[in-house]
Amino acid sequence: MAVTQLNFAEPFFTIDYVEAEKELYLAPKSMVINLAEHEKKDILLPGGRIIPPLKAAVVQDMTLHCLTRAFIIRDFERCDLSDPETTKAIMQTWKSLYEMSGIPRHKGLPYYKSPKFCIGEGDHHIELNLCFVSEGMVPSGPHRDHDRDFDEVHAQILGYGMMRIYDYDDKEHIHQELNMAPGTVHDKMYDAQGLYPWHEYKSVTPCVYCPIELDRG
Ligand SMILES: [Fe+2]
């Protein structure tokens, strides 16, 4: 049983990684992301509601039960994206997407990434970070392949964004635009073999989202 406070997104976000906690009380308005995908364990909320694996919820003044593996962003609205001093500080502290990836299509994009948090071994290895997009309506660039073999979803933390899915092997034709508000994790888009359609994140407003990568082992 453990609640570990993480510092990778400080001073902008206070985040805990929780493992095997039977119950946890959260006072401030917080976001909970259920990472127990391999264990297939729901987080239980009052009133019979649940947070299934790879989904999130915004909770406040509430006791949660059965937290097998979870990521908790406490008082996430403390980070005020309407404050120019805050957004300037994020852009000065986090690296640009291009600095992180070195991929030519990322050059000049207003995407900024926190350091990564990594935990677990083999197919229980998870990598997460936060990404700030300083402008609305900016696509990140369609892709099908990643640098590792992982299952990928994205959680929206602040502002609005979307996951754009293209026709399976055709990056010219949009198939779906999955809109995301704070607390939304889009549905899985990979198949059982870990193959992806063309896809990309696109900001709708200035926003913060959380890419979640679960190794396939
Ligand atoms: Fe991706």
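**Figure 1. The centres of domain 1 and domain 2, taken over C-alpha atoms, are 21 Å apart.** This is a predicted model. Domain 1 covers residues 2-76 of the protein chain, and domain 2 covers residues 81-215.

**Figure 2. The contact between the two domains involves 19 residues from domain 1 and 19 residues from domain 2.** On the side of domain 1 that touches domain 2, the elements giving two or more residues are strand S3 (30-34), strand S6 (56-59) and strand S7 (62-74). S6 supplies the largest share of this side, three residues. By residue class, this side of domain 1 holds 16 nonpolar residues, one polar and two charged.

**Figure 3. An open sheet is built from three strands in the order S15-S14-S16, with antiparallel pairing.** Strand S15 (170-180) and S16 are the edge strands, each pairing on one side only. From one strand to the next, the twist averages 30 degrees. Strands of a sheet pair through backbone hydrogen bonds, either parallel or antiparallel.

**Figure 4. S14 and S15 run antiparallel and are joined by seven bridges.** In this pair, Gly161 stands opposite Met180 of S15.

**Figure 5. Strand S14 (residues 161-167) pairs with S16 in the antiparallel sense over five bridges.** Arg164 has Glu200 in S16 as its bridge partner.

**Figure 6. Side chains alternate along strand S16 (residues 199-203).** In a regular strand the side chains alternate between the two faces of the sheet. In S16, His199, Tyr201 and Ser203 point to one face and are buried.

How values were computed: Residues numbered from 1 in each chain as written. Predicted model: local features only at pLDDT ≥ 70, side-chain atom pairs only at ≥ 80, totals over all residues. Domains from an automatic or database assignment. Contact = placed C-beta atoms within 7 Å. Helix = DSSP H or I, 4+ residues; strand = E, 2+ residues; numbered from the N terminus. Nonpolar A, V, L, I, M, F, W, Y, C, P; charged D, E, K, R; others polar. Buried ≥ 20, exposed ≤ 12 C-beta atoms within 10 Å, placed from the backbone. Pairing = 2+ DSSP bridges. Axes fitted to C-alpha atoms, helices over the stretch in contact; angles between N-to-C directions.
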